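The exercises below are meant to be worked with the sequence and the model side by side. Try each task before reading its solution.

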Amino acid sequence: MRHFLANVVTYTIAFLLIAGAGLFAWMRSAQVVISNERTVLARHEPEPVRAFDWRALGERSYVSNCLSCHRRNGQGWDQYPGLGHTPRLFGAPGGREYVIDLHLYGLTSPRWRAPMPPMGHIQDVELAAVMNHVLTHFGDRRAPVAETSLYTPADVAARRGLELSPAEVNRRRPDIAG
């Protein structure tokens, strides 16, 4: 009788361990299906707004993503370029697309010792906002970029998926004096 009870207890414990592991595996797989990348990213997206107000977001994004290389005043340092020429690039033929590509796909250029990393992980709304911030805060204040010609998130979205290399982006750079 004693062996029979020991066997029942042993098999019961084994069954409960196997059932628990199966239940845990099922719960774990259900969690992965429930929490996909889109759901997680949606928690961090800015609230929808009626109009694209890029000012505060652009300044915050510049501080978070650009400041360490281009400095607070946009003058750059050592191997990192200043941003004062960005409005001229923007205004040159093909420059509008080049500035977007530069941010989405990065840049490798013999002009600078350090490459610019691609910023394609940044959402369209934030990328448009930070580019607008650069265009309106750095460069020649006597020739400001018109508010109506600034970037929108749709402009950035239209350039995604081109899969350009940083060297290809450099070859597309408009020729500007200076």
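**Exercise 1.** Which residues in H7 are buried?

Solution. Bear in mind throughout that the model is predicted. Begin by applying the cut-off, under which a residue is buried when its relative accessible area is under 20%. In H7, this picks out Leu127, Ala128, Ala129, Val130, Met131, Asn132, His133, Val134 and Leu135. Next, look at what surrounds them: the buried residues of H7 pack against helix H3 (55-65), helix H5 (86-91), helix H6 (95-105) and helix H8 (153-159).

**Exercise 2.** What span should the 14 residues of helix H7 have, and how far apart are its end C-alpha atoms?

Solution. The expected span is 1.5 Å times one less than the number of residues, so for the 14 residues of helix H7 (residues 124-137) it comes to 20 Å. The end C-alpha atoms of H7 are 20 Å apart, which agrees with that expectation.

**Exercise 3.** Which residues form a nonpolar patch on the surface together with Phe4, and is Phe4 itself buried or exposed?

Solution. Phe4 lies in helix H1 (residues 2-34). Its relative accessible area is 53%, and since exposed means over 50%, Phe4 is exposed. The nonpolar patch on the surface consists of Met1, Phe4, Leu5 and Val8, which together have about 450 Å² of accessible area. As a general point for reading such a list, an α-helix has 3.6 residues a turn, so residues three or four places apart point the same way.

**Exercise 4.** How many helices and strands are there in the protein, and what percentage of its residues count as buried?

Solution. Counting elements gives 9 helices and 0 strands. Of the 178 residues of the protein, 30% count as buried. Finally, among contacts between residues at least 6 apart in sequence, 71% join residues at least 24 apart.

Note on methods
Residues numbered from 1 in each chain as written. Predicted model: local features only at pLDDT ≥ 70, side-chain atom pairs only at ≥ 80, totals over all residues. Heavy atoms only, no water. Patch = residues over 30% accessible without salt bridge, like charges linked within 9 Å, V, L, I, M, F, W, Y side chains within 5 Å. Areas by Shrake-Rupley, 256 points an atom, 1.4 Å probe, with all protein chains shown as cover. Salt bridge = Lys/Arg side-chain N within 4 Å of Asp/Glu carboxyl O. Helix = DSSP H or I, 4+ residues; strand = E, 2+ residues; numbered from the N terminus. Buried < 20%, exposed > 50% of the residue type's maximum accessible area, 1.4 Å probe, protein only. Contact = heavy atoms within 4.5 Å.
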